[in-house]
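Welcome to my notebook. I opened this model to look at its pockets and one of its helices.

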Amino acid sequence: MSGDTDHTPSYVAEGQEFNRDTNYIEDRILDDPDAQWPVEPGRYRLIAARACPWANRTIIVRRLLGLEDVISLGMPGPTHDARSWTFDLDPGRVDPVLGIERLQQAFFARYPDYPRGITVPAMVDIPTGVVVTNDFPQITEDFSTQWTDYHREGAPNLWPEESRDEMAKVMRHIYTEINNGVYRCGFAGSQAAYEAAFDRLFAALDIVEERLNTSRFLMGETITEADVRLFTTLARFDPVYFGHFKCNRQPLTAFENLWGYARDLYQTPGFGDTIDFVQIKQHYYIVHQDVNPTQIVPQGPDLAGWLSDHGRDRKFGGSPFGDGTPPGPVKPGEEVPFDHTAAAWTK
């Protein structure tokens, strides 16, 4: 684990329900040459740990849109301490572009007394080394709407104009009730808070299960930002949330539609090829010492099912990319190690 025990982060407030701090740096990188932070190829570096669901979103969207050669990617290791994420996986434990050991350094370069958590994803201005924003929902929206001049040919429209109002409602439900709902269970500080969070989470999952009974994807026949936002929680559900966060009414595999939908996305280029199951488990089980004091990382569950036939293409038709095309091979150096994938369980 990065750091030492003197900097062990704490997540559970005894006797209280979990409330996420949602105060982020709200600067935006805009398609405007006069903006404080204008869109400029090669200028910004996305710092995104594979382990984190919020950061995983940005890795997926960057890949779906083909922005790999325009926005570079720095990946901290799966664990961190209370001070911040560290670049444990890089030579010398230093980010090769920013030259820093901790993401905290980029935050402090801009705000020397930055008082909040040092979170991923974060966009960093390479010339100055300062953080621009860590506002994760805005980052992915801006990848779609502000970087359009640099999207690959055939890139999907993740924010279709005709669906935006409904999509906003769906994504709000996914965020408050599911993405954050699993944390509300896992970091509950009392039995009552946990039981309320548990009921709220599974009520929301049941609603989405029903929605996916009549539609291949959340907004219809093609993928949108809404699918990206739900997928990263589903990918972590059985490996982490079911046991570690006590979200155990039933595993994801027991939901007919949600499980088929999750497999459909996992097998779609740009989704499953960003998922590192080993790092995901290491992050939650090692970092959350107040939830798992032994820091023992479980070997299971068996992940081979992620590659099984989902049948949703035959049932609903449609295509993830509509009239577009899937992204090409993963950029060299950004591949998930084979033994960290679902395919490793099929050997």
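This is a predicted model: local features need pLDDT of at least 70, side-chain atom pairs count only at pLDDT 80 or more; totals for chains, interfaces and linings use all residues.

I began with the second largest pocket, which is lined by 14 residues, and Leu 73, Met 75, Asp 90, Gly 333 and Glu 334 lie nearest its centre. A pocket here is an open set of points on a 1 Å grid over the protein atoms alone, where a 1.4 Å probe fits, with protein on both sides within 12 Å along at least five of seven lines; lining residues have an atom within 4 Å of a point.

Residues are numbered from 1 along each chain as its sequence is written, and side-chain values use heavy atoms, leaving out hydrogens and water.

I noted a volume of about 240 Å³ for the second largest pocket. For the largest pocket I noted about 840 Å³. A volume is the space filled by probe spheres set on the points, which are joined across faces, edges and corners.

The largest pocket is lined by 35 residues, with Tyr 11, Arg 20, His 80, Gly 117 and Thr 119 nearest its centre.

**Then helix α6**

Which residues of α6 are exposed? I found Ala 192, Asp 199, Ile 207 and Glu 210; exposed means over 50% relative accessible area, buried under 20%, and partly exposed in between (1.4 Å probe, protein chains only). Helices are DSSP runs of H or I, at least four residues, numbered from the N terminus.

Among the buried residues of α6 I listed Tyr 194, Phe 198 and Leu 201.

Key:
Helices (H or I, at least four residues) and strands (E, at least two) are DSSP runs, numbered from the N terminus.
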